Amino acid sequence: MLQSLIHYGIHFGLLLVIAIVCYKTYWLKAYAIMLLGMLIDLDHLLANPVFDPNRCSINFHPLHSYYAIAVYLFLLIPKKTRIVGIGLVIHIIADFADCALM
């Protein structure tokens, strides 16, 4: 229960706080773009089984690999890709927290 609360709290709550604080004039658009970072979970469809509650997704799924994480961190640098980068990095942080709580 606590693990899910923390995981989804980071996914939705932290992104919402960042959108409201950092992108005041267009926070809803920024929040929606950052939420699209959850699309990287589509790589879970490549795993067998698709969902395993005891599996850490970090460095297991291709879009959760250390190489992909490096790209997500790079996306934080240019202003044009920063919102997307924030969404992806926060997604990875949520997954790291999930792994730590296993």
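Tutor: By class, eight nonpolar, seven polar and five charged residues make up the lining of the largest pocket. Here Ala, Val, Leu, Ile, Met, Phe, Trp, Tyr, Cys and Pro count as nonpolar, Asp, Glu, Lys and Arg as charged, and the others, Gly among them, as polar. The model is predicted, so local features need pLDDT of at least 70 and side-chain atom pairs count only at pLDDT 80 or more, whereas totals for chains, interfaces and linings use all residues. Residues are numbered from 1 along each chain as its sequence is written, and side-chain values use heavy atoms, with hydrogens and water left out.

The lining comprises 20 residues, of which H7, Y8, H44, F51 and D98 lie nearest the centre of the pocket. A pocket is an open set of points on a 1 Å grid over the protein atoms alone, where a 1.4 Å probe fits, with protein on both sides within 12 Å along at least five of seven lines; lining residues have an atom within 4 Å of a point. The space in the largest pocket is about 480 Å³, a volume being that filled by probe spheres set on the points, which are joined across faces, edges and corners. The elements giving two or more residues to this lining are α1 and α4 (82-100), and α1 gives the most, with five.

Helix α1 (residues 2-22) also packs against helix α2 (residues 27-35): their axes come within 9 Å and cross at roughly 145°. Axes are lines fitted to C-alpha atoms, for helices over the stretch in contact, and angles run from 0 to 180 degrees between N-to-C directions. The contact (heavy atoms within 4.5 Å) involves H11, F12, L15, L16, I18, A19 and I20 of α1 and W27, A30, Y31, M34 and L35 of α2. By class, this contact has eleven nonpolar, one polar and no charged residues.

A cis peptide bond, with omega about 0°, joins N48 and P49, and N59 has a positive phi near 65°. Most residues other than glycine have a negative phi, and most peptide bonds are trans.

Overall, the protein chain has four helices and zero strands; helices (H or I, at least four residues) and strands (E, at least two) are DSSP runs, numbered from the N terminus.
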